[in-house]
Amino acid sequence: MKKKNEQFSPEKGFMTIKYIKEITNKKTKIKTMKITANKSISAEYELYVEGDNASEQELMERASAEQPLNFIYGVGMMLPKFEENLFGLSAGDKFDFTIDVEDAYGPYEDENVLDLDRAIFEIDGQLDAEVVYEGNVVPLMDNEGHRINAQVVSVSDTHVKVDLNHPLAGETLHFKGSVLEVREATEKELAALSGEGGCGCGSGGCGSGECGDGGCGDGSCGNGEKDENGSCGSGCGCH
């Protein structure tokens, strides 16, 4: 019989209750990184909007684990309400929330549909049919030199009708997904946001700025390419 006060040691192949508690406490002290300012976030999600039938929702876009949404939290790359709903989450946490029209891309404005002179889009008197065609998004410049994206509605012999509304204007956005990774953003990533190379992606990706083909390093949704299940390009929960 072992004495009641005998200490079983791990070296002897036993674990005392005290030893088990020490191990447990060490594990619980390991903190999981949470989403806060200047964290680099990777997430997968599905974005739904109301379908033709009010009782049904239409899948608008998807960011998968293979092509996730990557962004720096708290630097203006995403819609404020999108970030608000992710604040404090950790890798592995799921989310399911709705963003109203007013907090997303605002109502659809008919006055944002314009008839522009065809000559604006011509080079040496020729229209580039591979760029300017119905449904395509083309970059324009406003009077203050700001670049904006416009979707071509129609092309005639004299005018090109464009829609300056965001593709998700007038829509209530419903996001379902999970956080894949949370880490500290690197100095290089943060520096890129304040330099000339920093960007978001207008209607082609995620942010309030502009960027090439639907991606801007860590501020993009996968590769921005569409697939049969929707794309990571028209909204990404961004602005």
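Here are some friendly notes on the structure above, point by point.

1. **Ground rules.** This is a predicted model, where local features need pLDDT of at least 70, side-chain atom pairs count only at pLDDT 80 or more, and totals for chains, interfaces and linings use all residues. Residues are numbered from 1 along each chain as its sequence is written, and side-chain values use heavy atoms, with hydrogens and water left out.

2. **Overall make-up.** The chain has three helices and 13 strands; these are DSSP runs numbered from the N terminus (helices H or I, at least four residues; strands E, at least two). Of its 239 residues, 35% count as buried, where buried means under 20% relative accessible area, exposed over 50%, and partly exposed in between (1.4 Å probe, protein chains only).

3. **Strand β1.** Nine of the 12 residues of β1 are buried, so this strand is largely enclosed by the rest of the structure. Two strands pair if DSSP finds at least two bridges between them. β1 runs antiparallel to β11 (residues 173-184), with 10 bridges joining them, and Ile41 has Val182 as its bridge partner there. An antiparallel pairing with β2 has six bridges, with Glu46 opposite Arg62. β1 also pairs with β3 in the antiparallel sense, over four bridges; here Ser42 is partnered by Asn70.

4. Glu56 lies in the loop between β1 (39-50) and β2 (57-63). Is Glu56 buried or partly exposed? Its relative accessibility is 48%, so Glu56 counts as partly exposed. Leaving aside residues up to four places away in sequence, Glu56 touches Val49, Glu50 and Gly51, a contact being heavy atoms within 4.5 Å.

5. **Aromatic pairs.** The structure holds seven aromatic pairs. Rings of Phe, Tyr and Trp (its six-membered ring) pair if their centres lie within 6.5 Å; planes under 30 degrees apart count as stacked, over 60 as edge-to-face and the rest as tilted. Tyr73 and Phe87 make a tilted pair, 6.4 Å centre to centre with 40° between the planes. Tyr73 is in the loop between β3 (69-72) and α2 (80-86), and Phe87 in the loop between α2 and β4 (94-99), 14 residues apart. Tyr73 is buried at 8% relative accessible area, whereas Phe87 is exposed at 52%.

6. **Ring cluster and a charge.** Ring pairs also link Tyr45, Phe71, Phe82, Phe95, Phe97 and Phe175 into a cluster. Separately, the charged end of Lys176 sits over the ring of Tyr48, 5.6 Å from its centre; the criterion is NZ of Lys or CZ of Arg within 6 Å of the ring centre and within 35 degrees of the ring normal.
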